Amino acid sequence: MIFGRQDKETPVKRIMPRHIGIIMDGNGRWAKKRGLPRTAGHTVGAANFKTITRYCASIGLEYLTVYAFSTENWKRPVEEVSALMKLFRQYLEEALRDFLNENIKVRFIGDTQVFPEELQKLIRETEEVSKNRTGMVLNIAMNYGGRDEIARAARILGEKVARGEIDPEEITAQAISDELYTAGQPDPDLIIRPSGEQRVSNFLLWQSAYAEYIICDILWPDFKPQDLEDALDEFSRRQRRFGGV
Ligand code: IPE
Ligand code: IPE
Ligand code: MG
């Protein structure tokens, strides 16, 4: 079920977003419902990430940003964090192999310098092998926080002012956008949050100023291409005004 959905029977002309963000939430609850450890939910969630990524590329989406690990997720029990790090490593090793022939350009957003060196190396390799691809851009948000990203942009601009390269007046909204991890990409048109939680959880704070939010109560491991299609229908029904009339 998509919350706040209206008039779902009326046929609608599909309006395709250029950029979709997904908060891949609900892995822990999915596992708990089945009497499994939370990490089992993360494993199934990671497999679903591949399915949905491929599906998005197949329907011609230009940009997909997935939230994989937030700057706040370090608060979790150490066993869960290490299981996630192991999964990221496995996933990237597989992605390097599986996505070899797929035209997806992979980028990482977030402060990845804190990850174990082995993982950082895989991150660099994945970005390197896919950098000249012309298909969908996949941003994987890892150790990502919207506040952290904005603070980082402010620091970069502050340093430029201190070096006399720019004047404070040149710190415009555009200048800030240009220092975010997503610089040069269009803002997300649609953000989907499975699992039913109705909050932002520090995802793409700056970029989502005018994004349409779709919250659905399906847990991420159960989220199917058809659920994405339903979200796209709902998106097509929304009237975006960007402050105008
Ligand atoms: C999202 O699922 C995955 C990560 C945050 C890494 P959760 O682990 O948050 O699952 P729930 O919300 O506890 O069900
Ligand atoms: C957001 O989910 C982060 C990711 C899905 C990676 P959380 O599960 O961390 O968010 P809260 O704690 O419910 O707000
Ligand atoms: Mg969660």
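A crossing of two helices is called left-handed if the near helix is turned anticlockwise from the far one by less than a right angle, and right-handed if clockwise. The legends below describe close-up views of a predicted model.

**View 1. The crossing of H3 and H4 in the predicted model is left-handed.** The axes of helix H3 (78-98) and helix H4 (117-130) come within 10 Å and cross at roughly 30 degrees. Because angles under 35 degrees count as roughly parallel, H3 and H4 are described as roughly parallel to each other. On the H3 side the contact is formed by Met85, Phe88, Arg89, Leu92, Glu93 and Leu96, which meet Glu118, Leu119, Leu122, Ile123, Glu125, Thr126 and Val129 of H4. Sorted by class, the residues of this contact of H3 with H4 are eight nonpolar, one polar and four charged.

**View 2. H2 passes H7 in a right-handed crossing.** The axes of H2 and helix H7 (residues 225-237) come within 10 Å, and the angle at which they cross is roughly 50 degrees, which makes H2 oblique to H7. The contact of H2 with H7 comprises five nonpolar residues, one polar residue and one charged residue.

**View 3. The largest pocket holds about 710 Å³ of space.** Its lining is made up of 34 residues, and those that lie nearest the centre of the pocket are Met24, Asp25, Ala68, Asn73 and Arg76. At least two residues of the lining come from each of helix H1 (27-33), helix H2 (38-58), strand S2 (63-70), helix H3 (78-98) and strand S4 (137-144). By class, the lining of the largest pocket contains 16 nonpolar, nine polar and nine charged residues.

**View 4. The second largest pocket holds about 260 Å³ of space.** The residues that line this pocket are Arg107, Phe108, Ile109, Gly110, Asp111, Thr112, Gln113, Gln120, Ile123, Arg124, Glu127 and Tyr181. Strand S3 (105-109) and helix H4 (117-130) each supply at least two residues of the lining, and H4 gives the most, with four residues. The lining of the second largest pocket divides into four nonpolar, four polar and four charged residues. Ile123 is listed both among the residues that line this pocket and among those of H4 that meet H3.

Methods:
Residues are numbered from 1 along each chain as its sequence is written. Chains are lettered from A and ligands numbered from 1 in the order in which they are written. This is a predicted model: local features need pLDDT of at least 70, side-chain atom pairs count only at pLDDT 80 or more; totals for chains, interfaces and linings use all residues. Side-chain values use heavy atoms; hydrogens and water are left out. On a 1 Å grid over the protein atoms alone, a cavity is a set of points where a 1.4 Å probe fits but cannot get out, and a pocket is an open set with protein on both sides within 12 Å along at least five of seven lines; lining residues have an atom within 4 Å of a point. Grid points are joined across faces, edges and corners, and a volume is the space filled by probe spheres set on the points. Ala, Val, Leu, Ile, Met, Phe, Trp, Tyr, Cys and Pro count as nonpolar, Asp, Glu, Lys and Arg as charged, and the others, Gly among them, as polar. Axes are lines fitted to C-alpha atoms, for helices over the stretch in contact, and angles run from 0 to 180 degrees between N-to-C directions. Angles under 35 degrees count as roughly parallel, over 145 as roughly antiparallel, 65 to 115 as roughly perpendicular and the rest as oblique. Contact means heavy atoms within 4.5 Å.
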